Amino acid sequence: MHIVEGFLPVRHAIGWTVAALPFVAVSARAVSRRVNAEPAQRMRLAASGAFVLLLSSLKLPSLAGSSAHPTGTGLGSVLVGQACMPVMAGLVLLFQAVVLAHGGLTTWGANVFSLGVVGPWVAIGTFRLAERVGASPPLAVGVAAACADLATYACTAMQLAWAFPGATGVTDAFVRFALVFGVTQLPLAALEGVFSAAVWKSIAPLSGRRPALA
Amino acid sequence: MSTRSWRLHVRAASAGAVAGALLTLSAHVLAGDRRGTDDAARETATQLAPQFEPWAQPLIEISDGAQLPLFVVQGMLGGALLSVSVAVLRRGRFDAS
């Protein structure tokens, strides 16, 4: 989902950065408030950030003959709340842009919006819906993480389609970009769901609290 | 921080870093020469807008050979931090119970 450095028109790059910054600012405040109110939350926040860092370092092969990265934001959204995720995604994307030349500073806003805003909101919505229909907590976490992964890539496809509509328009371009990501990402999203549920299980059964509201 | 907790953190961080490195390495080995979807998307964008020229370049140029070690370092950092936080969370709950 990393849009490459310089690969969005200037207006789009600025627009997505302007759109992402308020979420990052609110998120920084949410993290700070959470830590001040309950210092024990620091470890949950650390686990959430570390999970994004770890998963986004994995270049996983897919059945489609290509490779891609999982996102890791679904677990964090359930563990510490979606409001805390934009700042974590922003830091990981900044690290990757500066140290690994992966993604970019000019596309940071667009990448934060897909990874740190859209993915986490979809994760928490899916988690609550899954809980409401009676799914077990690990299953709900797994489904939420998989949906967050897919939503992140769908958002990237939308951003690219909007920037590069071609001669046939945004909808056709979106379908083309969605196919590029979707075929590879479907099995990886399922894998991310399983991995997220496993990590959640290693923490949550001892916590005695519903993860999303912790 | 007591010596016992210090040791727990170091052990957890080391184990997590090794696991993170192994995970990242094996994923990259399994992925081999498969093309990344980021590159495929860039290609699609170029087909849709052949006149578009990227207007910025990455701050640093990283050779293909250097990319893997850097991703492994990222995996190690993530693995170490995840392992320490999970260990602390589990111990906290164990102590409380």
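Predicted model: local features only at pLDDT ≥ 70, side-chain atom pairs only at ≥ 80, totals over all residues.
Local features are reported at pLDDT of at least 70 and side-chain atom pairs only at pLDDT 80 or more, while totals for chains, interfaces and linings use all residues. Residues are numbered from 1 along each chain as its sequence is written, chains are lettered from A and ligands numbered from 1 in the order in which they are written, and side-chain values use heavy atoms, with hydrogens and water left out.

Chain B contains three helices and one strand, where helices (H or I, at least four residues) and strands (E, at least two) are DSSP runs numbered from the N terminus. Starting at the N terminus, the order of the elements is α-β-α-α. Chain B is more spread out than a compact globule, because its radius of gyration is 20 Å, well over the 13 Å that the globule rule gives for 97 residues. This radius is taken over C-alpha atoms, and the rule is 2.2 Å times the number of residues to the power 0.38. Along the principal axes, the C-alpha atoms of chain B fill a box of roughly 65 × 25 × 25 Å.

Among contacts in chain B with a separation of 6 or more, 90% are between residues 24 or more positions apart; a contact means heavy atoms within 4.5 Å. Of the 97 residues in chain B, 37% are buried. Buried denotes under 20% relative accessible area, exposed over 50%, and partly exposed the range in between (1.4 Å probe, protein chains only).

Side chains of opposite charge can pair when their charged atoms come close. Over all chains, two salt bridges were counted, each defined as a side-chain nitrogen of Lys or Arg within 4 Å of a carboxyl oxygen of Asp or Glu. In one of them, Glu43(B) and Arg35(B) meet with an N to O distance of 2.8 Å. Glu43(B) is partly exposed, at 41% relative accessibility, and Arg35(B) is partly exposed at 41%.

A salt bridge also joins Asp39(B) to Arg42(B), with the closest N and O atoms 3.0 Å apart. Asp39(B) and Arg42(B) are separated by about one helical turn, because they lie three residues apart in helix α2 (residues 37-48) of chain B. Asp39(B) is partly exposed at 36% relative accessibility, and Arg42(B) is partly exposed with a relative accessible area of 32%.
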